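Today I set out to look up the charged pairs in this structure. I want to note for each one where the partners sit.

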There are 2 protein chains.
Amino acid sequence: MTDARTTVDAYHRAWTGGDVEAALDLLDEDARCTAPGTAAMTKEQWRSYLAGFAPRLTAAPGVARMTDEDRVALWYLPQTATTTTALAAELFTVRDGRITEIRLVFDRLSYGPPA
Amino acid sequence: MTDARTTVDAYHRAWTGGDVEAALDLLDEDARCTAPGTAAMTKEQWRSYLAGFAPRLTAAPGVARMTDEDRVALWYLPQTATTTTALAAELFTVRDGRITEIRLVFDRLSYGPPA
């Protein structure tokens with residue numbers, strides 16, 4: 001339990017701090033990642049996806065975290081130039097200290113250019 | 001713990017089954033509900049919001065559920081004519097058998113008209 005949470009906390013701290021590579025080191029080679037509007041992504045695809053978004057992130061205050069054995073859920077507010085209030089939810093599965101699945105949910109419209 | 005989960009399960013079963021009023025009965029009068037692209041909603045505003053979406057729902061298979069004392073999280077796939085694969089995440093706070101807060105996250109673009 002603690003192990004899964006520790007892994008996810010380290011992953012989250014790394015990428016939201018701009019270190020996508022350190023975050024990726026915690027993903028299993030066969031990890032499967034999903035996000036709105038895309039097909040399931042491999043680890044390599046997730047690397048590109050995260051690397052594309054991370055530079056826009058200015059902060060990511062946490063709202064909630066829940067742990068249930070090998071699953072961890074995070075809710076946080078990814079802040080960019082266009083939004084500070086759009087909640088994101090991320091559900092992780094961790095096995096043997098490595099993240100094997102990420103399911104990210106957020107509202108793409110909230111991150112579009114200002115109206 | 002069980003109490004919060006029982007309340008949320010009943011709420012979820014009710015509205016996804018089309019009975020928005022039965023779901024609303026489980027909300028505290030002062031409940032605060034948030035969803036993508038809107039300001040925080042009161043119970044009355046949430047009633048309208050749910051009633052607007054519920055008729056479009058054809059199914060809502062569950063993906064995960066987590067409970068942590070007075071908080072419960074659900075992940076599910078709300079299915080409509082336009083999507084069957086867009087994940088939704090919903091975070092509830094329950095006090096004394098009544099839901100006091102709902103934070104709903106989903107991708108509005110995934111529920112738009114077919115391209």
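I began in chain B of this predicted model, where I found that the side chains of B:Glu101 and B:Arg103 meet in a salt bridge, with N and O 3.6 Å apart. I also noted a network, in which A:Glu21, A:Glu44 and A:Arg47 are joined by salt bridges that share partners.

Next I looked up B:Arg65, which forms a salt bridge with B:Asp9, and I wrote down 2.3 Å for the closest N and O atoms. B:Arg65 lies in strand β2 (residues 62-68) of chain B and B:Asp9 in helix α1 (residues 2-16) of chain B, so this pair ties together parts that are 56 residues apart in sequence. I checked the accessibility of both partners: B:Arg65 counts as partly exposed at 34%, and B:Asp9 also counts as partly exposed, at 23%.

I then turned to chain A, where A:Glu29 and A:Arg98 meet through their side chains in a salt bridge of 3.9 Å, N to O; I kept this pair because the cut-off is within 4 Å. Which parts of chain A does this pair tie together? A:Glu29 belongs to strand β1 (residues 27-34) and A:Arg98 to strand β5 (residues 98-105), so the bridge links parts that are 69 residues apart in sequence. Are the two partners buried or exposed? I noted A:Glu29 as exposed, with 55% relative accessibility, whereas A:Arg98 is partly exposed, with a relative accessible area of 29%.

Definitions and conventions. Residues are numbered from 1 along each chain as its sequence is written. Chains are lettered from A and ligands numbered from 1 in the order in which they are written. This is a predicted model: local features need pLDDT of at least 70, side-chain atom pairs count only at pLDDT 80 or more; totals for chains, interfaces and linings use all residues. Side-chain values use heavy atoms; hydrogens and water are left out. Helices (H or I, at least four residues) and strands (E, at least two) are DSSP runs, numbered from the N terminus. Buried means under 20% relative accessible area, exposed over 50%, partly exposed in between (1.4 Å probe, protein chains only).
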